[in-house]
Amino acid sequence: MIILARFDDPQGRGQASDAVIVLSSFSKMTYRLSPHCDLDAAEQRWQATLALRPDLEPAIVLQRRLLTRSQELTTIVDQELPATLNLEPEQIADKLGRHTPILVGEPIVVDAQPVVPFVLGFCEDLSSGEAGGAAGRLGETLARGEIDIGSLMAASLGRQQEAIRSKAHHVGVAPDLLWLVSELACGPVAYRLQRQLLTDLPKQEDKLRLVIDTWNHGFCAACGSWPAFGERIKPTTRRTLRCSFCGSAWTPRFWHCIYCDKTGASLITADVEPEQPSRHLELCRQCGGYLKCIPVRRPTAFGLLPVEDLSTCDLDVSAVEQGYIRPAMHTFVTGANLPCPPPVVT
Ligand SMILES: [Zn+2]
Ligand SMILES: [Zn+2]
């Protein structure tokens, strides 16, 4: 594929330059990724994509603005994580053993004060794109304090899509936009939490490491999101799933649908370009879900996951044209209830 060929970079930019692949005794693959995104590498990827898909220019212009702001937010989050989650390693291992993602249902405390300017900034960025006036209205609603941003971020980190949608309906803003803005604001926070909880474990936590390495569900062990795509690093034959919200990487069960776990004849592989069979779709005729799979030289860095997702949108288009979908967020029964608070009258 020409896009990926151009993405090859002699200096290793564009993907995590310090990526380390660790093969455990269970042959499970985990990643240690660069915490930083190289905006120059993103620019190279955008230019390569534009050369092939000039129609994507408006989307790329918007993504450039969002990613630049997101990198500024990442710097703030790196200095001091504005979220508190108190979980002991034994509790995490127990939760994963019950097939429940770590962040789901937890009382996450968020100090939104340093993030508020970025939330409003993302609304401003989005108002320059197709979202236009709806994004502007959302920004005004948030600026008036009609939605508690700390509560919104806690709900987003816990992937409480329904709570966020209900809040959006309640205050009269677009639900999808509120979800997107909360994702943009929480992404760097989720990434830091994911690294703390799954990746940067102290040596003595071998038991927890084993539980993490054996996670093979279709949804993310940290946040419960479905992956943005699967990536395959030659000569590995298995695909590794990537969560674009928190950046985690994990290996699912071989030849099982990541959504409904069916295997056998209901799962098929479809090449979009016959000359590039490693760049393909996994289609499930049981649940109608699809997963796009792409070859990469190295694990994609966290900040570049949305860039890669956009640059491979031809695969999404092909899947949708064939009648397949990305299922809605997986719901988990935890007994927790952390809805956004009622609106504050200003
Ligand atoms: Zn995740
Ligand atoms: Zn399925």
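Predicted model: local features only at pLDDT ≥ 70, side-chain atom pairs only at ≥ 80, totals over all residues.
**Exercise 1.** How are helices H5 and H6 oriented relative to each other, and which residues make the contact?

Solution. 
1. Helix H5 covers residues 116–127 and helix H6 covers residues 132–143.
2. Their axes come within 7 Å and cross at roughly 165°.
3. Angles over 145 degrees count as roughly antiparallel, so H5 is roughly antiparallel to H6.
4. The crossing of the two helices is left-handed.
5. From H5, the contact uses Val119, Leu120, Cys123, Glu124, Leu126 and Ser127. From H6 come Gly132, Ala135, Gly136, Leu138, Gly139, Leu142 and Ala143.
6. Sorted by class, the residues of this contact are eight nonpolar, four polar and one charged.

**Exercise 2.** Which strands stand at the edges of the six-stranded open sheet?

Solution. 
1. The order of the strands is E7-E6-E5-E10-E9-E8, and the pairing is mixed.
2. Strand E7 (249–250) and strand E8 (267–271) each have a single partner strand, so they stand at the edges, with one side of each left without a neighbour in the sheet.

**Exercise 3.** In which sense do E6 and E7 pair, and what is the bridge partner of Leu241?

Solution. 
1. Strand E6 spans residues 240–242 and pairs with E7 in the antiparallel sense.
2. Two bridges join this pair.
3. The bridge partner of Leu241 is Trp250, in E7.

**Exercise 4.** Which strands does helix H12 lie across?

Solution. 
1. Helix H12 comprises residues 313–321.
2. H12 lies across strand E9 (280–284) and strand E10 (290–296).
3. Relative to E9, H12 runs at about 30°.

Methods. Residues numbered from 1 in each chain as written. Chains lettered and ligands numbered in written order. Axes fitted to C-alpha atoms, helices over the stretch in contact; angles between N-to-C directions. Helix = DSSP H or I, 4+ residues; strand = E, 2+ residues; numbered from the N terminus. Parallel < 35°, antiparallel > 145°, perpendicular 65-115°, else oblique. Left-handed = near helix turned anticlockwise from the far one by under 90°. Contact = placed C-beta atoms within 7 Å. Nonpolar A, V, L, I, M, F, W, Y, C, P; charged D, E, K, R; others polar. Pairing = 2+ DSSP bridges.
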